[in-house]
Structure formats: C-alpha cells, structure tokens
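Here's a quick briefing to read next to the model. Have the viewer open as you go.

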Amino acid sequence: MSDAAISIRNLCKTYSGGKVALNDVSFDVPRGTIFGLLGPNGAGKSTLINILSGMVNKTSGKVSIWGFDIDADPRNAKASIGIVPQEIVFDPFFTPVETLENQAGLWGVPKGARRSMELLRAVHLEDKATAYARTLSGGMKRRLLVAKALVHQPPILVLDEPTAGVDIQLRQQLWAYVRELNQSGVTVVLTTHYLEEAEELCDRIAIINHGRLIANQPTRELMATAQEKAVEVTVDRDLTEPPAAPCFEKIALKGDRTLTITYSKNKVNAGEVLAALQAAGLGIVDVSTQEADLEDVFLSLTNAA
Ligand code: ADP
Ligand code: MG
C-alpha cells in the first residue's frame, strides 16, 4: 500500500444515533512530519483518532497505519501507533511508574527493555514516579498519558487535544518534547482547535469541519493564504462584470459599483492594485482594506464548507 505513516481513504463514520461524524475523508500523514489535524469542536477529530486506535469502528473506508491495514492487520497497525486520548482516564490507585509498567506488560515489552523511568524523566514526572495518579495535576496526568503512549516505542505518536488543561509553561515543555521525538524520527499527529498551536508546531495542516476535509496543505502554504489581503473599492460607474488584472488573486463584484479584490501582500501593495483598476479605466471613489490573519483563513475555510 502506501508508504505514508497513516493513509486514510474515503473514511466515513455515522454513529448509531445517525450522527455523521466523518464524511468521505481522505488524506495521508507523511512519515517523519508533525502533522496537525485542525477543526472546531465537534468537527470529527476525536472520532478519526478513535478509529485509528480501534476504539471506534468506522462505517466505511480504508485506513492503514505504517502500511498495515487496520482491518486486515489490526495487531501490527495498533503496535505502530501510540495514542494520547482527549479524555484523561487512569486507575487512580496506580503510581506513574506502575501505570507505565502495566502498560508495557500489556504490550508484552520484556522487563529488561522497559524504559519507564526514562519516559517519566522525558515528560518531567521523575519526582512523581511513586505518587498516586489521583494526586497529579491535569497537566501532569496528560504528560503521563504521553509517556504511556510511548512504552512500546511506536513510530507514530498521536495527541488528541494535548494542551487542554495544560498551562503555558508545561505546554512549552510538551512541545519541546514533541519536537525532540520528531527529530528522533517519530511521526507526530496532533489535533487542536488552536490555529497558532498548529502553526507553531506542524509541518503540514489538515482541517476538518462537520466531518469533511476542507484543507490539507504544508503549513507554509496555509500561511501564504494568510498573506492574502482584501481591499474593497467603490468605483465611479456601474459594472456588469469585474475587471481582470494579474495582481488580483480574486475579484468579486459586490453591488453595481463595489469590488472586493484579494491580493497577496507579499507580491503587490494596495497602490498597485488601485493602479490596475485605474488602468482598466475606472475612477476610484472609496477604498477600505482588511487584513486576513490565520484565524480568518480558518474561518473562511470552515464557513465555505
Ligand atoms: P471533535 O473531536 O472534533 O470535537 P468528535 O469526533 O468528538 O469531534 O465529534 C464529532 C461529532 O460526533 C460531534 O457532533 C459529536 O457530538 C458526535 N459524536 C462523538 N462521539 C459520539 C458517540 N459516541 N455517539 C454519537 N455521536 C457522537
Ligand atoms: Mg475531540
């Protein structure tokens, strides 16, 4: 099949109550990347992650993890991925080190090959190794879940909304560790509804909304979309169709005399855009500009879908 870390084709999920959570979603997570799955609450992110982990059964479509089809080869597929779920669940009576030892036992990791203390050190929980899980803060619990997801040394780590309930300092530590893991060759997928977070960390970003994939681009390209600036211009006569010029990325007629023009601010400036209108024989009566940030890009993408 594909040499992607994760390959998803025509994935659909309808919950038993009739809720369509994923609708014909297809994309690949390239090996070695930090991949962001972005979308507002209820978009279908956790459903997708839970299908990867085997917690939710898909309705249709194909999924392979590290080349292993989740239907044909579920054991190898599961062994290739470590998942940090959105919901924090622990047995409150185990200590972090016991939690990791138990998990390693479930994976059949031999005692000599276990790395429990090393993992606890990596997630800055060394000094809590023998505390009860119930005494850990939310952020500590989440970091313990990250360590737990890594006990079988999977080539892929998936984090579902990892910064929920994590303060800024711990978030930075978590990101530093995620980068370190990635540099050591681990493919990382994280879901978030924070654009800045995805922008800061991810090589590539896919966006889902209402169960549909609406974008899948290198972060830099998505950022370029954020380079788009819109200018609204009122001209001195009625138009039946918008004029064309190479510096317009998009142009739309809004009323008889008002044009909305989108241009790339890293290529041209507003003056050149207005000059192009004048060159087309139009007099300019009024101008207003509007800057798009990434949040706007996200909104426009999610609204369009
Ligand atoms: P996200 O993680 O992006 O916030 P989810 O995958 O959790 O989104 O949810 C997607 C949609 O599916 C939501 O409308 C949610 O209410 C619904 N949903 C999630 N889990 C279930 C379930 N077990 N049964 C029915 N509907 C569900
Ligand atoms: Mg979720």
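**Helix packing and the ligand site**

Helix 3 and helix 5 run roughly parallel to each other (an angle under 35 degrees). This is a predicted model: local features need pLDDT of at least 70, side-chain atom pairs count only at pLDDT 80 or more, and totals for chains, interfaces and linings use all residues. Residues are numbered from 1 along each chain as written, ligands are numbered from 1 in written order, and side-chain values use heavy atoms, leaving out hydrogens and water.

**Helix 3 against helix 5**

- The axes of helix 3 (residues 96-106) and helix 5 (residues 138-149) come within 9 Å and cross at roughly 25°; axes are lines fitted to C-alpha atoms over the stretch in contact, with angles from 0 to 180 degrees between N-to-C directions.
- On the helix 3 side, Pro-96, Thr-99, Leu-100 and Gln-103 make the contact (heavy atoms within 4.5 Å), and helix 5 brings Leu-144, Ala-147 and Lys-148.
- That contact splits into four nonpolar residues, two polar and one charged.

**Helix 5 against helix 6**

- Helix 6 (residues 168-183) packs on helix 5 at about 10°, the axes being 11 Å apart.
- So helix 5 is roughly parallel to helix 6 too.
- Here Gly-139, Arg-143 and Val-146 of helix 5 meet Leu-170, Gln-173, Leu-174 and Tyr-177 of helix 6.

**Around ligand 1**

- Residues around ligand 1 (a heavy atom within 4 Å) include Lys-19, Ala-21, Pro-40, Asn-41, Ser-46 and Thr-47.
- Tyr-15 has a polar side-chain atom 3.4 Å from a nitrogen atom of ligand 1.
- A polar backbone atom of Gly-42 sits 2.7 Å from an oxygen atom of ligand 1.
- For Lys-45, a side-chain N or O atom is 2.8 Å from an oxygen atom of ligand 1.

Definitions and conventions:
Helix = DSSP H or I, 4+ residues; strand = E, 2+ residues; numbered from the N terminus. Parallel < 35°, antiparallel > 145°, perpendicular 65-115°, else oblique. Nonpolar A, V, L, I, M, F, W, Y, C, P; charged D, E, K, R; others polar. Polar contact = N/O pair within 3.5 Å; in protein donor to acceptor, adjacent residues only side chain to side chain.
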